[in-house]
Each structure stands twice: as structure tokens, then as C-alpha cells.
Amino acid sequence: MTEILQGLLSAITPVNLGFMLLGTFVGIIIGALPGLGPTTGIALLIPLTFGMNPAHALLLAAGIYQGAMYGGSITSVLLGIPGTPTNTATCFDGYPLSQKGRSYEGLGASLVASAIGGFFSCVCLLLFTPIVSRVVLFFGAPEQFMLAMVGLGIIAASSHESLAKGILSGFFGLAIATIGYDAITGYDRFTFGIDYMADGVEFMAIVVGLFGLSQAIALAEEARTIAGDTKLSGSLMDGAKAVFKNWKITLRSTVMGMFLGITPGAGGSAASMLAYTTAQNSEPDGDTFGEGNIKGVVAPEAANNATIGTALIPTLAFGIPGSPTCAVMMGLLMIHNILPGPQLFMESSSTLYTFFWGLIFTCFAIVVVSLPLLKFFAKVTVVPYQILVPAIVALCFIGSYSIRGYLFDVFVTVFFGILGYFLKKARFPMVCFVLGLVLGQMAETNLSRSLIIYGDLSFLYTRPITLVLTILLVAVIVLPILKRRKTARDAV
């Protein structure tokens, strides 16, 4: 307890608070630029921290991490372009809100939900790391495979309009996820001799095209602003109130994000998608998701920021990064002679608890930094399409190119931009496509590992957690089908 209080006193010094605010501001800008994100932001920070006080370097990183995870929601809501992969689900209802002139409301909801999700996750990191870290030991390849399968099973439940279109969209996402070398055997698959595809198709290039470029094409076709003839209405406070009004969704999504954060390999993208689909299937107005339902912003934004603290638990306790960002963060720690592992809290507890408090304070910092800026950002939705469409197209191309520096990623963005335009015209559910894309590789890799270990599928019923998840998977698939049949009978 003494070390926790010392960390608090260190974190609230003016210099350290200044580093937090600076990191948060930079993180929000980085997150709002498609193609960058917290991983890139912290990686760019590392060379600048040589010679810095370790606490200052970590507080800068904490601000960038928290700010970038939230910042991606700004372009998701305003332009329908996810700033980071973890903000993809926010596009589904955030952008339709902007089309209705309710961008203030969407921005307010994403801001407060992100702050709440991040706060509880980082408090968990501060108080329960030694205890919660033991949970990771029970999650091997079989559990991660079944967790991904439950997520894929939600595709059936997410297809409110057409089950066939939902499943087809999901399988298309799965097919894209299999492109590239097999993580177990190392063999290339479906690359068609194109070297650029050996590492798979870049996820961010796909979603930038699928959501950003396709929106630009639609705006150009309709010759209108994002908000159309609708005047901007509502306020940031309306969005904030929606987070507390829907407190059950906020709490459930936060818990889901914290749970998936501590599971190595799951990450914020899976957490936000599963939180979104869970809210869609559990709420009475689930049929309105995708049309500008504020709950569709609250759920994914609470979940993705809730992965921040708990993803660091396996990173710090075992040296097992919970996400790519945590892997880069681990590099930053090691550069400053803070070595993850069992001895961490004995050797570097003072700096570590300062860092933990910094992560908590940056949850408030994103609110302080964002509030003066969001009202100006929201006005982009009434910019004439003649100006906005070229700007969106340029942003999409720059974002996709900046990810790896490959021109091929720009072509990927163009292809999926055109494809996304026609899929939306045909009313294929994008949530199912992205679920297949996000969870496909996780499911395949962990299935292969499980089969190597067990030789068969006996792990489905011999391990307690996988047995529970198997039963949950059956329920996720069967219950929506029974519900549809009941609805059909009642209609007759």
C-alpha cells in the first residue's frame, strides 16, 4: 500500500502531469489519423526517450496509449473511417449518427465510454495485477480457440436482416484472414505469387477501404455533405448522458474488454466487435443497430479502452505481450532497465506504480484535452462534398500507405473501397465481415496448436473452460435460430 501511495504522489507532480497531458494530446492526434495508432505512436516515441527519466518516458507512453485508443473513434464517428483497428465497430453506428446531424452526441458518447472503460481497466491493473495475472495461466491455445469460435458464432446472431447474407459475409472475412503464410507450417496460401501478400492482407488497409473509401464514393454519388440537409443537433453532454443511461451496456462492455485484454492474442479489435454484437443481440432495439443507435457507440468504445490496463498484466507479470502495443511497450520498459517478470515489482515498484497511476489519470486527460477540440471537429460533417470527398480519399490513401510503406496496400484499399460500396448497396452486414476477419486467424492458429498438443478434439470436453465455452457456442448459434422461428410462427 505504501508503494501505491508513493506512486500516486510521484504521478501528481506538475512535471509528470505535464508529460501525461502532452502524451495524451499526441496520442489523440495519432489515433485520429487512419493507419497509425498506439503501436506506431509508442514505437516512434522510443528513440526520443533515450536519456529520459524512466517515469517520464512511461507517462508519455501512457498518454499516447490511452489517447490513441480513444482518438480513433473521432474519425470513426465523423467520417466512418476507423482511426485504429479497435475503433472499427464504432463506425457502424457512429457514422450514421453524424449523417443524422448528431455528431456531437456520438463524439460525447465515445469520449465518456472510452474514459470509463480505460479507468476501470487501469484500476484493475493497479490493484489486482498479482492476483489477476494467474488467470492467464489457465488460458492456453484450446481456450483461445473456443473464445474465437464463440465470437464467430455470434455471426449467426448478428444477421438480423438476412441469415444467409450474414453468414456469407462472415465467411468472406474468414477467407481473407487465411491469406498469407500459415503460422504453424509456414506455407504460403492464396497469395497467387504476389510477394506482398505473404504476410497476409493488411487489416487496416482493408477497413480503411471498406469504411472510408466506400463512404467517399457514396458521398460523391449523392452529392451532399455527411449530415445532408440536417442541421447539427444535440450536444456532447447528450452523448455523455447516454453512457450513464445505458450503464448496463457500459459495465458489460467494460468487463468484456477487461477479460479479453488479459487474454493474449484477443486484443481491442476482438473486444470491441464482441461488445458491439453482444449489445446488438441483447437490447430490445437491436434491429436499429447500424442506423445510428447511440448504444452501438457506447459498447465498442467502452470495450476497446478497457483492454488497455488488463492487456499489460500478462506483459508485466510474465513477459507475454497481450497485444502488439504491449509488445512495443515491453521494449520501452526494457530499454529503461525495467524487466518484465516475477521480480518486476520487487526491483522497479516505484516507477511501475507511477506508471499505473499515469494510466489512470490519462483517462481523465483525454476528456480534458478533447473537450475544447470536439466542437470544431464535428463541423466537418457539414463541409461541402466537393471539398470533403477529395480530403477523405487522400486521407484513406495516406493512411493505408503509411502502415507499412507499401503501394500495394493502397491498391488493397481501393479494391475494398469499391467492394464495400457494393456490399452496402446489397445490404450485406459489415459487422459479420469484420468479425470473420478479426477472429479468423486467431481461431485457425490456436486450433492448429491445440491439435498438435492433443492430437484430436478431446480438448473441447476435457478442459473445464473449453467445455463451458463449447456449451456457450452452441447456445449462441441455436438460440437466435429458435428466436427467429418463434417470431415467424407468431407472425402467422
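Helices (H or I, at least four residues) and strands (E, at least two) are DSSP runs, numbered from the N terminus. By that count, the protein chain has 21 helices and two strands.

A word on the source: this is a predicted model, in which local features need pLDDT of at least 70 and side-chain atom pairs count only at pLDDT 80 or more, while totals for chains, interfaces and linings use all residues. Residues are numbered from 1 along each chain as its sequence is written, and side-chain values use heavy atoms, with hydrogens and water left out.

The pLDDT (the predictor's confidence in each residue, from 0 to 100) averages 79 over the protein chain, and 86% of the residues score at least 70.

| Element | Residues | Mean pLDDT |
|---|---|---|
| Helix H2 (highest) | residues 14-32 | 88 |
| Helix H15 (lowest) | residues 344-347 | 64 |

Of the 492 residues, 56% are buried, meaning under 20% relative accessible area, with exposed over 50% and partly exposed in between (1.4 Å probe, protein chains only). A nonpolar core joins buried Ala, Val, Leu, Ile, Met, Phe, Trp, Tyr and Cys residues through side-chain atoms within 4.5 Å. In the largest one, with 89 residues, Phe-92 and Leu-439 touch the most other members. A second, separate core of 36 residues includes Leu-59 and Tyr-353.
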